[in-house]
Amino acid sequence: MLSLLLLIFAVVGLIAIARREAGAAPAAALPAILGVAGLVLDAEFVGVLLLITAAVIAVCGLPALRHGWLSPRLFAMFKKVAPRVSDTERTALEAGSVAWDGELFSGRPQWQRLLDFKDDGLSDEERAFIDHQCTVAAGMCNAWDIARERADLPPELWDYLKKERFFGMIIPKEYGGLGFSAKAQSAVLQKLAVNETLMSTVGVPNSLGPGELLLKYGTQEQKDHYLPRLADGREIPCFGLTGPRAGSDATSLPDVGIVCKQEIDGKEVLGLRLTFNKRWITLAPIATVVGLAFRMFDPDHLLGDTEDLGITCALVPRDTDGMEIGRRHHPIGSPFMNGPIRGKDVFVPLDTIIGGPEMAGEGWRMLIECLSVGRCITLPSGATGTGRYAIGWAGGFARIRRQFNVPVAEMEGIQEPLARLTAKAYIAQAAVYQTANTIDHGQAPAVPSTILKSQLTEFQRDILADAMDIHGGKAVTLGPRNYLGIGYSANPVAITVEGANIMTRNLMVFGQGAIRCHPYVLEELAAKDADDAKAFDRAFFRHAGLIFGNAARALTMGLGIGKPSCPFDEVARPYAQDVARLSAGFSLCADAAMASLGAELKQREMLSARLGDVLSNLYLVSMVIKQWHEGDKVEGEAELMHYACRFLLNRAETAFVEVFDNLPNRALGKTLKVLVMPLGRRWARPHDDLARSIARAVSTDSALRKKLLVGAWDSNDQVQDNPVARYNALLETQDRAEVLYRQINKAYSKGKLPVQALHPEERLEAALEEGLISEEDADFMRKREAEVLDMLSVDDFAFDAFVTDKEKMNHHNVTA
């Protein structure tokens, strides 16, 4: 019995020491003390075993003992198996900053660090712009006219966008821009997401492009000339990066700039001879200034000894001789301006390089640093705005659309997708807002940008698919009345651009995060490159302590022991505690995958993607928790909070299981499963009761629906029709109408109304004639039914409306 007690004390004590990452000294001292006690108390075998354990820990863990024999051998082995990091990869890894993503990688997230990013909200000026200018711009959009009739925004809207400096949101006020915060930029794009062409047109100049590059790297002369002109729309920018052979792998671009001299107006000018072929360039057909990325070479050594200077960015005016620009691509579903740019032997002076000649070869770093912010804003904001409008449209439609004498919003088959799309929109709102808030605090979130871009645009795809299913025939019939179909067809653009989601999920989220966000891996690689054995020893053994600590934390928290304290209420606390548990498991699995696969992990893209899925879901649920913690709660929001968190944690656990099942080392996979999920999976999919509650709330005039639609274009005082405003107006009187529906339908079922009164309008008039309802109620229902029928109707066209070549039209022997 004594021997067993000593062993139990040793195991429990070592686990407690590991949880705290207290170091090798206490870890060696505990079994040493218990071993001595065993010898004294006649438990010789266990005593000797514990003393051997203490000796092994001391020899391997204490710096004074391990430096002479263990550390050099580990360093030599590490140098052989560690993945080689290329210069371009290193640039990407060093770009941006690490904040909450680093906490999740640590396995011991400190929630206060996330809460320290205080939310100061939007300024009065920003709110006024969103309430007025954005409302006016949204109200000038007719989706059918833009997408099918003019393939462009109307001229008056272009003029308004320029006049109100929509293209200068990121440009400081001293240069004539708006100088908006990241949160305000996001809010603007979310409101403009009512039309995907409008959102893209405004979003791109305020994301990756000449404006942001000039702000961060431009010479003062370049800033003074271009920024005021970009802010007020005198200059329309585009940025040429991708081409036929350089898409997601942007570093492979074959476009070149050769340093040379050319005579201009009798003077010899040092410059670049550019040859390029760019495609998929947003705003290119109408751009007046082109940001261009190319590989720069100096074969004649006019600038120095280096021949290959690397990727460089320059600003090239549209009217430069040899520039071929103006043709258009036809993006699926949306006619935003997008097209190719070509040039052969186009000469530009050397001072067209952004930042001047001294920034030659710095283009990849410039692009990566800008992308780390831009990816957080433009496309995630568009996806979030789309989710907001989908709630307004789908919730309203589901309530006014009646089948089997009830609103389809009361049918569980509709409630499930309606709740699902609402939860994804809610998650997106929290993630975009809170990440933008970190940018406003000076962060450049590189890894979160990949999470938001890939996850939220996938949410957008799912949200639109669910909204389409809820609308049925209303949404699959294109025309001016269809507010959903064009955006649905355009969604693949968001999936593909700014880093295709397949590449982002499989290569970037975990691939970049595993090195950039890990507490020690970057230090270890730096020590390898510098051949610094002491630095390696320091980082490696701290890393080892982290591994043991995460194993102990994952196991004990998985058994329900030692839940961390969290500064949240009873709604959010269980989810925050489980984020901590799964964070420890994630960090442990990440280390296990890197240690067991080494450089091969780069090629194990499916495994890397699943580890990235764990990180992505933990990040998203963290954003939801923070939003809940800081926001004003409304009735029904707790159910949505529960649904969102359980949905994300269920996805995280699913990704964990797929990691365990697909690790090549099966013994390792099974061991990790026991450590991370000792009692099995904890989170099931959200309960049906939550789905029912959410669906009813967003399909009625509830506080939750109103909160979720804050920031959407919901006014009906503009020139163009606004379906959200019309649905809101109908929902405001839904309770009164529902009473009358039931009253009239009950009378019909009892035979009190003529059997041939099949239309609601006919039953209404019959009920009035029978004295079952008042004239006031009848007048109310006449107006309502007219509005409902108009919202349910679809468009039809002339027989030859869609035929572009009338000579090819087949009349089918039908006469008009």
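This note sets out numbered points on the structure above, from its basis to its surface, strands and salt bridges.

1. Basis of the model. The model is predicted; local features need pLDDT of at least 70, side-chain atom pairs count only at pLDDT 80 or more, and totals for chains, interfaces and linings use all residues. Residues are numbered from 1 along each chain as its sequence is written, and side-chain values use heavy atoms, with hydrogens and water left out.

2. Val-12 is found in helix α1, which covers residues 2–20. Helices (H or I, at least four residues) and strands (E, at least two) are DSSP runs, numbered from the N terminus. Val-12 is exposed, at a relative accessible area of 51%; exposed means over 50%, buried under 20%, and partly exposed in between (1.4 Å probe, protein chains only).

3. A nonpolar surface patch. Val-12 also belongs to a nonpolar patch on the surface, together with Met-1, Leu-4, Leu-5, Ile-8 and Phe-9. The accessible area of these residues together is about 630 Å². Such areas come from the Shrake-Rupley method with a 1.4 Å probe, and for residues only the protein chains shown count as cover. Patches are made of residues with over 30% relative accessible area and no salt bridge; like charges are joined within 9 Å, and nonpolar side chains (Val, Leu, Ile, Met, Phe, Trp, Tyr) within 5 Å.

4. Annotated regions. UniProt, in an unreviewed entry, places a "transmembrane region" at residues 45–65. In the model this span is 95% helix and 0% strand, with its end C-alpha atoms 26 Å apart. The unreviewed entry also lists "domain: Acyl-CoA dehydrogenase/oxidase N-terminal" for residues 124–233. That span is 64% helix and 0% strand, and its end C-alpha atoms lie 24 Å apart. UniProt positions are given in the numbering used here, feature names are shortened, and annotations may be inferred rather than shown by experiment.

5. Strand pairing. Strand β3 (residues 267–282) runs antiparallel to strand β2 (residues 256–264), and nine bridges join them; two strands pair if DSSP finds at least two bridges between them. Lys-261 stands opposite Leu-270 in β3. The hairpin of β2 and β3 has two residues between the strands, and Asp-265 there takes a positive phi near 55°. Nine bridges also join β3 to strand β7 (residues 338–349), again antiparallel, with Leu-272 opposite Val-348 in β7.

6. Salt bridges. The structure holds 49 salt bridges, each being a side-chain nitrogen of Lys or Arg within 4 Å of a carboxyl oxygen of Asp or Glu. One of them joins Lys-173 and Glu-125 at 2.6 Å, N to O. Lys-173 is in the loop between α12 (155–163) and α13 (182–192), while Glu-125 is in helix α9 (residues 124–131), 48 residues apart. Lys-173 is partly exposed at 49%, as is Glu-125 at 39%.

7. A longer link in sequence. Arg-692 forms a salt bridge with Glu-412, with the closest N and O atoms 2.6 Å apart. Arg-692 lies in helix α29 (residues 688–698) and Glu-412 in helix α18 (residues 412–440), so this pair ties together parts 280 residues apart in sequence.

8. A pair with a buried member. The side chains of Glu-637 and Lys-707 meet in a salt bridge of 2.7 Å, N to O. Glu-637 is in helix α27 (residues 637–662) and Lys-707 in helix α30 (residues 703–708), 70 residues apart. Glu-637 is buried at 3% relative accessibility, whereas Lys-707 is partly exposed at 27%.
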